[in-house]
Amino acid sequence: MGQPLIRNALEGFNGCVFAYGQTGSGKTHTLIGNNDGLLPKSLQFLFASADSESLVKGSYLEIYNEHIYDLLQDCACLQLREDPKRGTYVQDLTEVPMSNYDDALQLLRKGHNNRHIAATKMNSESSRSHAIFLIQYSTKRQQEKCDLFLFSKLNFVDLAGSERQKTSQTEGQRLKEASAINKSLTSLGTCISAIVESNKGKSIHIPYRDSKLTNLLKDSLGGNSKTFMIAAINPVHIAETLSTLKFADRVKQIKTRAHANKEYSGEELSKLQT
Amino acid sequence: MAEDVDGFAVVLGLLFGNEVLNDFGQVLLVLRVDVAKALEAFHEAAAVDLLSLVRLEDIGDFEDLLRLRIEMLLVAYDLLDLVYDHEIIIMKSVLPDIRSNNIQVVVRIKPEQGDISVDECDASVVTVADRLFQFDRVLPSSAS
C-alpha cells in the first residue's frame, strides 16, 4: 500500500491513508509500529525514490477534544482556514524540511511522543486524539523545453478508536475524550454515507464542517486524492468488528477525483500564452 | 429471452455457493460470482442485450444488474424455495483498474483468537459471524 501511494505522490497525486477501528485493534501499531509501520516504511521508500530536486516537508498535528494542536511545537490550539488553491489547511502549522529518512524518523518520534495517550480498560495505550502526519512533496523536472513543477500532499491519519463507555469503563476526563472521539467519528460516518449517496447521483449536502476531522479530510474523502483505508479489526470483539467492516463496506464505494498537481513554466508555456 | 437464459446458465455455472446457518438455524445460501468471468461468459453467450447496457467504467451498474438478473434466474428455477434467504456476492478479482478511482480498503486482523476467517483462495474475502465481506485486500493475522 505504501509503495503505490509514494509512487503516486512522486507524480503529483495527493494521497491519504486513514486507519479506522475500535480501540485496541492495532491502528497505531499498523501505521507507526516500532518504526516498522506503514508510515516509516513509506518515508523510507519516499527518500529512496525522490530525486535531487525534491523538497519534502513534514508536519504533525492532533485533533484532541475538537481542538487542533501542533505536535512539533508547544503552542495554543490552531485554526482551520480555507483557500481556493490550497483547500482546507491549518494556519501556522509547523512545516519542517526533511532531507533524509533519519530526519523524518526523528520528526515522527518527536510528534508521536507528544500525543495524548492514556490507559483505558480496553487498551493500555489508547490514543485519545486523531493524529495526522502530513508530508508535502514538491519537485521540478525538465519536460521538453518547459520546467514542470509537481506538488503533492500525503496525509497519514491515525484515528482515535471508537469505544463504548460500557466496555471501556471510562469516566471524568477519559469520558469527555471518548465523547469527542465518538462525536467526530459519527461525523465521519455521516459524511461517508452522504458521499456514497452523492456518488450515486443524489443531490445531498455533505456535512464536512460538522467536525474538524471531516473538514481536514474533505479532499481525501471525496476530492483530489488517492485514498486508502485500513480497517483494523480485533477478532475478540465481534460486534465492533462487524461495525468496522460495515463502515469499510460503505467507504469502498467512494470514488475520488485525483489528478496530478502540476504547473509548467518556461519557453513553451510562454508560447502558449501568447 | 432464450438467449438471456442461456447466458445466465453460463453465469450460474460460474457461481459457487455455500450454505450457512443464521442465528435461528435457518439456511442461508451465499452465492459468489466473479464479475470479470461473468462478463466473459456473457460475451460467449452473446447476451448482447445485457452487454449493451454495461459501461465498463462504472462497474457498479453492472454489479447491480448482475445481482438482479441472477435473482431473476434463481426465482425462475425455483431455487429460492430451498432456502430461507440468500446473499449474492459479486467479486471483482481481475478488474483492479475499475476500482482505482475508489477508496481502496485494506482490512488488517489483529492476531487474536476469534470468530473470523479469511478465504484461503481469495485474500480479499473475510467472513465474520457467517457474514461475508469483500475488500481490496485482507491481511490475515498470520501476515500481520
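Me: Two strands pair if DSSP finds at least two bridges between them, and which strand of chain B is joined to strand 11 of chain A?

Reply: In this predicted model, local features need pLDDT of at least 70 and side-chain atom pairs count only at pLDDT 80 or more, while totals for chains, interfaces and linings use all residues. Residues are numbered from 1 along each chain as its sequence is written, chains are lettered from A and ligands numbered from 1 in the order written, and side-chain values use heavy atoms, without hydrogens and water. Strand 11 of chain A is joined by 6 bridges to strand 4 of chain B (residues 104-109), and the two run parallel; strands are DSSP E runs of at least two residues, numbered from the N terminus.

Me: What's the bridge partner of F228(A) there?

Reply: It is Q104(B), which lies in strand 4 of chain B.

Me: How many residues touch across the two chains?

Reply: On chain A 32 residues are in contact with 25 residues of chain B, contact being heavy atoms within 4.5 Å.

Me: And how much area do they bury?

Reply: Chains A and B bury about 2,400 Å² between them, with 62% of it on carbon and sulfur atoms; this is the accessible area (1.4 Å probe) lost on being put together, summed over both. Within chain A's share, P235(A), L245(A) and K252(A) supply 24%, more than any other three residues.

Me: How many salt bridges cross the interface?

Reply: The rule, a side-chain nitrogen of Lys or Arg within 4 Å of a carboxyl oxygen of Asp or Glu, finds 0 between chain A and chain B.

How values were computed:
Buried area = accessible area lost by both parts, 1.4 Å probe. Pairing = 2+ DSSP bridges. Helix = DSSP H or I, 4+ residues; strand = E, 2+ residues; numbered from the N terminus.
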